[in-house]
Amino acid sequence: MESISVFEIIKVGIGPSSSHTMGPWNAASAFIRILNRERSVAEVKEVFLEFFGSLAKTGIGHGTDIAGMLGLNGEDFKTIDTTKIDEKVAKIKNDQILNLGGEKEIPFIYGYHLVLNMQKSLDFHPNGMIFRAVFEDGTELVQDFYSVGGGFIASQEKNSIQKHCIRTLYPCHHGSDIVKYCEKLGLKKMSDLILMNEESWRTQEETRQEALYIWQQIKECIYKGVNKEGTLPGGLNVSRRAAGINRKLLGDKIYRNLDEWFQLVVDAEENFTNINKWIACFALAVNEENASFGRIITAPTNGASGVIPAVLMYSQAFTPFTSEDDIVRFLLVAGEIGTLFKKNATISAAMGGCQAEVGVSSAMAAAGLTEILGGSVGQVLMAAEIAMEHHLGLTCDPIKGLVQIPCIERNTMGAIKAITAANIALESDPGKAKVSLDEVIQTMWETALSMSDRFKETSEGGLAIAVNVPEC
């Protein structure tokens, strides 16, 4: 089984969807690399891109078409100026020219060179796409890709286009492995084991710096979200709410930057109602940014990107565990729990419904919080199990295919459940637990396999059809 770094689960991303935006974007970039490896972009006459299944059915709402075009155009979602996305896409469509790989201009007609095929699904995975390049000499190169969740991509010939050849010193593919190695090494903190394994990719200091970078990106994303008013794009006319909640909670207090705002949050009145509202505010802020093609932290997906930021921000604003070491430990443990779900179930809503996104992120956040609040290894795993147990069967039925309703509010629920799960686990004896994390992961996968495709990010069931929204 592959080894996965925690920073492949928790990473910088772009909204609104990891599987429907980042995955296709990564696939387009990978196709450019294949072209240059096999031939040369300079030899390409035309490129065709066809999306299938869930990618096609909810593609417009998720920006799948935009991701495909910008990826082929040589843009990087980690560095692109997100305020220029609409402008860049409009230029491609209006000029009918694509700058392939940023190297060669070729004809590109939207609807002809890029097609959303809603009538067909590829067998390998619901999130399928096929790229086809026609060279000047008439020969072709065809490559299929599948967006398997969290921005990860695969091809039918290869299990994963993103190779994980690294083997960690203490491979942890199940919760039982984590318990075994912590006992064998005499480790009291789960994060100590994860930090050791992350040395397979980078030094401990580099791991620490990456975690603190992620934390800074989380703060910046929340800060942007609590300072933006207006309506989210897409046609549902969903109003941003984080800014209003932030304004009411802070009253007439004035701040000029992120640090001043954060200190006001830390100093805010701490009662249950206010803290509860702040947690919701944090999650809403991130997911409103995500819905607007903002830069966010994928954890483990974009649709669930508000849960871990909300819980981590809660820990830093309203608990005594606020050191940089606590932040690092939280993210290491949360990321490791995410790898267990990816290896043994799925983090793709198109495969498992929203239990695979908000459910997984809630389990990750619960584990991370339990770790820094002083939980034992058993209690950390128990917190993750509790959080997932109460997300089992959660469907993915976004209205109009947008990552907005019910997705944005659902992140606030996932955050609260994570905190509750952590508190329960901290007051419990894991030895008396009737269900293990490994068992709940297996149950989640079995539930995913039994779930109707109508509830797996196709917008063909649940709220997506119960609520009649006219096309705009």
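**Close-up views of a predicted model**

**View 1. Strands β6 and β7 pair up in the antiparallel sense, with seven bridges between them.** Two strands count as a pair if DSSP finds at least two bridges between them. The strands themselves (E, at least two residues), like the helices (H or I, at least four), are DSSP runs numbered from the N terminus. This is a predicted model: local features need pLDDT of at least 70 and side-chain atom pairs count only at pLDDT 80 or more, while totals for chains, interfaces and linings use all residues. Residues are numbered from 1 along each chain as its sequence is written, and side-chain values use heavy atoms, with hydrogens and water left out. Look across from arginine 132 and you'll find valine 142 of β7 standing opposite. The two strands make a hairpin with four residues between them, and glycine 138 in that turn has a positive phi of about 95 degrees. Strand β7 (residues 140-149) is mostly covered, with seven of its 10 residues buried; buried means under 20% relative accessible area, with a 1.4 Å probe and protein chains only.

View 2. The strands run antiparallel and are joined by three bridges. Glycine 149 has phenylalanine 152 in β8 as its bridge partner.

**View 3. Zoom out to see an open sheet of five strands, in the order β5-β2-β6-β7-β8, with mixed pairing.** β5 (114-117) and β8 (152-154) are at the edges with a single partner strand each, so one side of each has no neighbour in the sheet. From one strand to the next, the twist averages 25 degrees. Strands of a sheet pair through backbone hydrogen bonds, either parallel or antiparallel.

**View 4. Helix α5 (residues 64-72) lies across β2, β5 and β6 (128-135).** The helix runs at about 155 degrees to β2. For such angles, axes are lines fitted to C-alpha atoms, for helices over the stretch in contact (heavy atoms within 4.5 Å), and the angles run from 0 to 180 degrees between N-to-C directions.

**View 5. Tryptophan 278 and phenylalanine 282 form a stacked aromatic pair, 5.6 Å centre to centre with 25 degrees between the planes.** Rings of Phe, Tyr and Trp (its six-membered ring) pair if their centres lie within 6.5 Å; planes under 30 degrees apart are stacked, over 60 edge-to-face, and the rest tilted. By this rule the count comes to 13 aromatic pairs. Both residues lie in helix α12 (residues 272-291), four residues apart, or about one turn of the helix, and both are buried. They also belong to one aromatic cluster with Tyr223, Tyr255 and Trp261.

**View 6. The charged end of arginine 39 sits over the ring of phenylalanine 135, 4.1 Å from its centre.** To count, NZ of Lys or CZ of Arg must be within 6 Å of the ring centre and within 35 degrees of the ring normal. Lysine 180 does something along these lines too, lying over the face of tyrosine 181 at 4.7 Å from the ring centre.

Note on methods:
Buried means under 20% relative accessible area, exposed over 50%, partly exposed in between (1.4 Å probe, protein chains only).
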